[in-house]
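Student: I would like to learn how to read the features of a structure that is new to me. Could we go through it together, one feature at a time?

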Amino acid sequence: MITLGQAEWPWAKGRITAGTVLNLKSNPAFGKYVMLFHGSGPLTEEAGDFDKNASIGIAWSDDLLHWQWPGQK
């Protein structure tokens with residue numbers, strides 16, 4: 001399971017779902033795999049936050065194993 005920076009993201013503390021990966025390695029403008037995903041939070045799904053607070057996240061990778069995202073420390 002890939003959770004990226006979920007532990008530090010209030011906007012995705014509920015859950016991360018619907019990830020899709022685009023292979024943009026051959027595109028000179030990107031040169032990476034790019035993942036888009038859905039996050040919900042800051043409350044859990046059980047607390048009813050899934051339908052109220054939804055965000056779209058982005059991450060990128062050179063090898064599909066090691067991921068980076070905006071604001072990563």
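Student: Is Trp 11 buried, partly exposed or exposed?

Tutor: Keep in mind that this is a predicted model. A residue counts as buried under 20% relative accessible area and as exposed over 50%, so Trp 11, at 28% relative accessibility, is partly exposed. Phe 37, by contrast, has a relative accessibility of 2% and counts as buried.

Student: How many aromatic pairs does a search of the whole structure find?

Tutor: The search finds four aromatic pairs. In one of them, the rings of Trp 9 and Trp 69 have centres 5.5 Å apart and planes at 85°, so this pair is edge-to-face. The pair links distant parts of the chain, since Trp 9 belongs to the segment before β1 (15-23) and Trp 69 to the segment after β4 (67-68), 60 residues apart. Trp 9 is buried, with a relative accessible area of 10%, and Trp 69 is buried as well, with 14%.

Student: How are the rings of Trp 11 and Phe 37 arranged?

Tutor: Planes under 30 degrees apart count as stacked, and because the planes of Trp 11 and Phe 37 stand at 20°, with ring centres 6.1 Å apart, this pair is stacked. Trp 11 lies in the segment before β1 and Phe 37 in strand β2 (residues 33-40), so the pair ties together parts that are 26 residues apart in sequence. Ring pairs link Trp 9, Trp 11, Phe 37 and Trp 69 into a cluster.

Student: Which residues make up the largest nonpolar core?

Tutor: The general idea is that in soluble globular proteins, nonpolar side chains tend to be buried together. Here the largest nonpolar core has nine residues, among them Leu 4, Trp 9, Phe 37, Trp 67 and Trp 69. Strand β2 gives the most to this core, with three residues. Met 35, another member of the core, touches residues including Leu 4, Val 21, Ala 59 and Trp 67, when residues up to four places away in sequence are not counted.

Student: What do β3 and β4 form, and what lies between them?

Tutor: They form a hairpin with five residues between the strands, and Leu 64 in the turn has a positive phi of about 70°.

Conventions: Residues numbered from 1 in each chain as written. Predicted model: local features only at pLDDT ≥ 70, side-chain atom pairs only at ≥ 80, totals over all residues. Heavy atoms only, no water. Phe/Tyr/Trp six-rings, centres within 6.5 Å; stacked < 30°, edge-to-face > 60°. Helix = DSSP H or I, 4+ residues; strand = E, 2+ residues; numbered from the N terminus. Buried < 20%, exposed > 50% of the residue type's maximum accessible area, 1.4 Å probe, protein only. Pairing = 2+ DSSP bridges. Core = buried A, V, L, I, M, F, W, Y, C linked by side-chain atoms within 4.5 Å. Contact = heavy atoms within 4.5 Å.
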